[in-house]
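Okay, thanks for coming, everyone.

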Amino acid sequence: VKATQLPIASDRQSWQRTLSWNGARLAVAGACVGALLGVAGILSLSGGVVIQQAGTDFSGKAALPPTRELVEGKKKGLRHKKGLCPRHERKKCPLSRKQKCPDWGIIAPNAYERMQLDAVAKLEDAVGYQAGGLYFERGTLQGMDVAIVTCGLGMINAGAATQTMIELYNPGKMLVYGIAGAISDSVSFADVVVPGEWVNTGLYVWTRAGYDAKTDELPLEGIDYQRAPPAVEFKFDHYATNPGTGTFYVQPSEEMAETPEETGKFVKAMYLKVDPKLLKAAQNVAASSDFTLPKCLPENATQCLDPPPVLKVQPDRRGSAANFFSDNAEW
């Protein structure tokens, strides 16, 4: 979603609601598309999150056994009653919901964006479970069996929520939605974009003042960091005359691939491809004449965007995710 000048400056919050609402509507109307939005929209801190010890309800009374007991197979009756489907039970998960795990795991970046999903479709027959400061709910969302959680600001929170979701519910597909930014003029305000690859631009090395890539090595080069492609060096325009800022290299991510025989093993990857089946499903949604994104504010039909927002599935484009958000064109 391109962060351009808002059409009506005095109504910024309403337009922000429209952005989140469009993303939430997309998550429901074309559920597979939201999974491709990655973590680019995780920009804001969750509001109103109550941190609890696993095993208590919101009144503080003992209600649920600790997560470890549920995951390791103890107190199975209560575990199944709470809708949990631990990852280690791969072949069969004896739940009341048609004896299977959720179709979708949905992660909302913050409470503000979670409310937009609630405004589009209510989670029905929900049962909840508290673990690691997160409150998970499993229920039915427009006929889909889903588990939902609000994760909080940043990629660490997103990763922790994703891993906990997988361990507790083992959903068939994962979905993260939210507001993002863009640097491409091909993207208009409130558009929803599905790229073919993602890159973590938050993993980089910032070099010392006066750094020269032709003669200087990076700190810990060959151990943790590298100059060789696909690592990319960035410089400010003024660097030739004012090298005090140094430069910085965006680094490939390390995907851990440990085994008992090879501890510490990892694979480096700069560009992470989206799931091809989900990408195809997103293309089908975009091509459907039945799917459109609203161009006007839900509460005020006279305030509309021109051009109207559209869903853009772009397999040849890349999305970026990081722990910072830049509103500065020079960067």
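So, K173: its charged end sits over the ring of W104, 5.1 Å from the ring centre. By "over" I mean that NZ of Lys or CZ of Arg is within 6 Å of the ring centre and within 35 degrees of the ring normal. R318 does this too, with its charged end over the ring of Y271, 3.5 Å from the centre.

Quick housekeeping: this is a predicted model, where local features need pLDDT of at least 70 and side-chain atom pairs count only at pLDDT 80 or more, while totals for chains, interfaces and linings use all residues. Residues are numbered from 1 along each chain as its sequence is written, and side-chain values use heavy atoms, with hydrogens and water left out.

Now, ring on ring. Rings of Phe, Tyr and Trp (the six-membered ring for Trp) pair if their centres lie within 6.5 Å; planes under 30 degrees apart are stacked, over 60 edge-to-face, and the rest tilted. That rule gives 7 aromatic pairs. One of them is Y204 with F248, tilted, at 5.3 Å centre to centre and 50° between planes. Y204 is in strand β7 (residues 204-206) and F248 in strand β9 (residues 248-250), 44 residues apart. Strands here are DSSP E runs of at least two residues, helices H or I runs of at least four, numbered from the N terminus.

Are those two buried or exposed? Buried means under 20% relative accessible area, exposed over 50%, partly exposed in between, with a 1.4 Å probe and protein chains only. Y204 is partly exposed at 31%, and F248 is buried at 15%.

Next, Y211 and Y249: their centres are 6.0 Å apart and the planes at 90°, so that's edge-to-face. Y211 lies in the loop between β7 and β8 (232-234) and Y249 in β9, so the pair ties together parts 38 residues apart in sequence. Y211 is buried, at 3%, and Y249 is buried at 3%. Ring pairs also link Y204, W206, F234, F236 and F248 into a cluster.

On to the cores, meaning buried Ala, Val, Leu, Ile, Met, Phe, Trp, Tyr and Cys residues joined through side-chain atoms within 4.5 Å. The largest has 15 residues, and I107, F136, V149, M165, L168 and Y169 touch the most other members. Elements giving two or more residues are β2 (124-131), β3 (134-141), β4 (144-150) and α6 (155-169). The largest share, 5 residues, comes from α6. Another core lies apart from that one, with 13 residues, including A121, V146, Y177 and L278.
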